[in-house]
Amino acid sequence: MRVYHSDVLCMGAGLAGERVAVEAAQAGFSVICLSIVPPRRSHSSAAQGGMQAALGNSIMGEGDCPEIHFNDTVKGSDWGCDQEVARLFANTAPIAMREMAWMGVPWNRVVPGEHTYFKGGKPFQAMEKKENEGLIHSRAFGGTAKWRTCYTSDGTGHAVLFTLDNRMLQLGVEVHDRMQAEILIHNGERCMGCVARDLRNGELVGYFAKATLIATGGFGRIYRATTNAVICDGGGQITALETGVVPLGNMEAVQFHPTGTVPTDILVTEGCRGDGGTLLDVNQYRFMPDYEPEKGELASRDVVSRRMTEHMRKGLGVKSPYGEHLWLDIRHLGEKHITTNLREVYDICMHFLGVNPIHQLIPVRPTQHYSMGGVRTDKDGAAYGLRGLFSAGEAACWDMHGFNRLGGNSLAETIVAGRIVGEKVVEFLKGGVSDFSSQALDDAAAQVQGRIGALRRGRGEDCYTLRNAMQDVMMEHVGIFRNGKDLQTGVDKLQDILARCKTMRASHGGGELSMALRVPGMVKLALCVAYGALQRVESRGAHAREDYPERNDKDWLVRTLATWKEGATLPTLNYEKVTPFFILPPGDRGYGSGKIIPGKLEDGDIVSFAQQV
């Protein structure tokens with residue numbers, strides 16, 4: 001077996017993984033990044049809308065500051081986030097965005113003079129100040145008090161990823177692409193790296209590292225209708241879960257994006273609504289202000305998705321061969337704006353839908369989009385349970401999002417958390433010497449070989465049948481609206497599918513074997529979501545229980561921790577306090593109104609801004 005050694009091993013070469021790699025390489029440490037695809041094809045490149053940072057350069061962002069950004073983030077999380085982390089994020093984001101400009105990101109910039117902007121489909125004039133000429137511009141996104149989303153037209157992820165990738169090349173970071181991480185090398189206390197499978201030839205390859213980072217993105221492919229790419233199968237979370245000691249946090253918190261296109265499920269950015277697009281029903285009536293008079297289409301994503309679903313339940317959706325949908329209208333923004341600031345949306349509509357958004361309505365419906373849950377880490381990005389293991393980006397539950405993230409916060413998180421966690425990885429590397437165990441490597445490789453052998457000998461169903469069955473269960477029983485009966489049915493069906501995985505066959509190599517190695521772990525992730533949702537008898541953010549519609553701060557202001565014991569058919573769930581202290585005590589978000597069962601805070605729970613600094 002080939003074995004590589006490095007100071008840092010990044011499992012994943014999207015924005016979060018590359019930003020950590022850059023931070024470590026700049027400090028002089030050797031770094032290897034593993035990627036299933038060439039890194040510039042990572043799913044980060046599909047991110048369109050932008051990154052939130054309180055720069056306050058645009059006229060509609062004037063007066064913005066990290067304090068306001070922090071408040072928006074906490075409210076958006078429905079008080080489910082770690083407020084210490086949210087504060088750290090909001091304070092660091094402006095610095096991180098300017099650093100990316102230094103590295104070469106071509107942010108849209110302020111052009112002074114009078115401009116026409118749109119809100120709720122209606123135009124208004126605003127004067128951009130001469131003294132702000134050339135500074136980083138911003139657009140509106142949902143759930144924010146100010147316009148603060150930095151952007152490069154609607155190709156922000158693409159622009160930032162290519163910039164970071166160039167920086168990695170300058171720093172000599174090694175990238176091993178077409179490598180699928182299969183298992184972590186550990187001794188129950190310390191992580192030493194991973195065993196990966198070379199997708200070119202099926203060879204197992206060992207990677208020893210002093211610090212290992214999981215930055216493999218989300219796990220949206222446990223759902224059939226998702227905006228996630230095919231590589232977003234939860235591979236990193238699976239390797240952590242299967243250690244038995246590393247918990248996954250808040251797995252029941254799954255976000256649906258309001259504007260997945262029909263029938264492709266390809267995302268069109270929140271920037272469409274931020275720039276003034278509106279949602280229309282079958283009668284081409286703009287309905288969102290009826291539900292959310294203050295925010296309209298720019299309420300948080302969980303709220304807009306639920307309102308859209310409620311409206312379709314009333315019989316006001318558009319019938320189609322691909323199911324019901326609603327319309328997104330950006331026609332009034334005009335050809336110039338659509339073909340410049342929303343050019344990717346224009347291309348997606350033209351090439352994948354056969355719709356010209358300059359003149360036609362875009363068919364959309366809520367679609368699974370983002371996972372707030374992931375590998376549970378502390379504020380430094382260090383994973384619970386194993387020393388030397390870190391996580392960042394969507395793969396992690398760093399927990400600045402709580403139970404719902406605001407648009408633009410996750411893309412910013414990749415860079416901000418990447419910067420912060422990268423610094424902490426460097427501190428960790430300077431802190432001591434690491435020992436590696438060849439026996440631990442051999443044991444990990446033997447486990448993977450055993451799985452492959454079992455698949456070769458299997459006489460049961462193929463991996464695609466089982467994966468499709470899992471996706472059907474998640475769509476039918478663990479969707480936008482949840483209830484105890486459906487969730488229990490979903491859990492029961494997923495347990496049955498997990499049992500059927502024991503006799504799964506993989507008669508062909510290549511892609512089928514790669515998928516077959518993933519499916520049992522994907523079903524376990526699905527069970528973490530479904531079982532966690534069944535046990536959480538409240539509604540908070542994206543977790544909406546029809547049978548428990550109240551947000552219950554009295555009993556459920558806690559974070560779910562899911563671990564998986566060997567031979568188990570369900571995850572073990574434990575709970576921890578949602579935040580070490582409250583800077584912003586629990587209250588109403590100001591949109592998506594619902595009943596709140598208040599909890600009682602102790603005197604030491606509330607920390608003032610003065611106490612922090």
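The legends below describe close-up views of a predicted model.

Local features are given where pLDDT is at least 70 and side-chain atom pairs at pLDDT 80 or more, whereas totals for chains, interfaces and linings use all residues. Residues are numbered from 1 along each chain as its sequence is written, and side-chain values use heavy atoms, with hydrogens and water left out.

**View 1. Overall dimensions of the protein chain.** The protein chain has 17 helices and 24 strands; helices (H or I, at least four residues) and strands (E, at least two) are DSSP runs numbered from the N terminus. Along the principal axes, the C-alpha atoms fill a box of roughly 70 × 55 × 50 Å.

View 2. Strand 4 (residues 113-119) and strand 5 (residues 122-128) run antiparallel and are joined by 7 bridges; two strands pair if DSSP finds at least two bridges between them. Gly 113 is placed opposite Glu 128 of strand 5. The hairpin has 2 residues between the strands, and Gly 120 takes a positive phi near 60°.

View 3. Trp 327 has Pro 363 of strand 15 as its bridge partner.

View 4. Strand 11 (residues 248-249) runs antiparallel to strand 16 (residues 374-376), and 2 bridges join them. Gly 249 faces Gly 374 of strand 16 across this pairing. Axes are lines fitted to C-alpha atoms, for helices over the stretch in contact, and angles run from 0 to 180 degrees between N-to-C directions.

**View 5. Packing of helix 14 against helix 15.** The axes of helix 14 (residues 484-500) and helix 15 come within 9 Å and cross at roughly 160°. Helix 14 and helix 15 are therefore roughly antiparallel; angles under 35 degrees count as roughly parallel, over 145 as roughly antiparallel, 65 to 115 as roughly perpendicular and the rest as oblique. The crossing is left-handed, a term for a near helix turned anticlockwise from the far one by less than a right angle, with right-handed for clockwise. Residues of helix 14 including Leu 487, Val 491 and Leu 498 take part in the contact, as do residues of helix 15 including Val 523, Leu 527 and Tyr 531; contact means heavy atoms within 4.5 Å. By class, this contact has 13 nonpolar, 3 polar and 1 charged residues. Ala, Val, Leu, Ile, Met, Phe, Trp, Tyr, Cys and Pro count as nonpolar, Asp, Glu, Lys and Arg as charged, and the others, Gly among them, as polar.

**View 6. Helix 12 crossing helix 15.** Helix 12 (residues 438-457) and helix 15 have axes that come within 11 Å and cross at roughly 110°. Helix 12 is thus roughly perpendicular to helix 15, and the crossing is right-handed. Arg 451, Ile 452, Leu 455 and Arg 456 of helix 12 make the contact with Leu 513, Ala 516 and Leu 517 of helix 15. These residues divide into 5 nonpolar, no polar and 2 charged.

**View 7. Packing of helix 1 against helix 4.** Helix 1 (residues 15-26) and helix 4 (residues 156-171) pack at about 30°, with their axes 10 Å apart. The two helices are therefore roughly parallel, and their crossing is left-handed. Among the residues that meet are Leu 15, Val 22 and Ala 25 in helix 1 and Leu 161, Leu 164 and Met 168 in helix 4. The contact has 9 nonpolar, 1 polar and 4 charged residues.

**View 8. The surroundings of Ala 47.** Ala 47 lies in the loop between strand 2 (31-35) and strand 3 (51-52). Thr 156 is 109 residues from Ala 47 in sequence, yet their C-alpha atoms are 6.3 Å apart. Leaving aside neighbours within four places in sequence, Ala 47 is in contact with Asp 154, Gly 155, Thr 156, Gly 157, His 158 and Leu 411.
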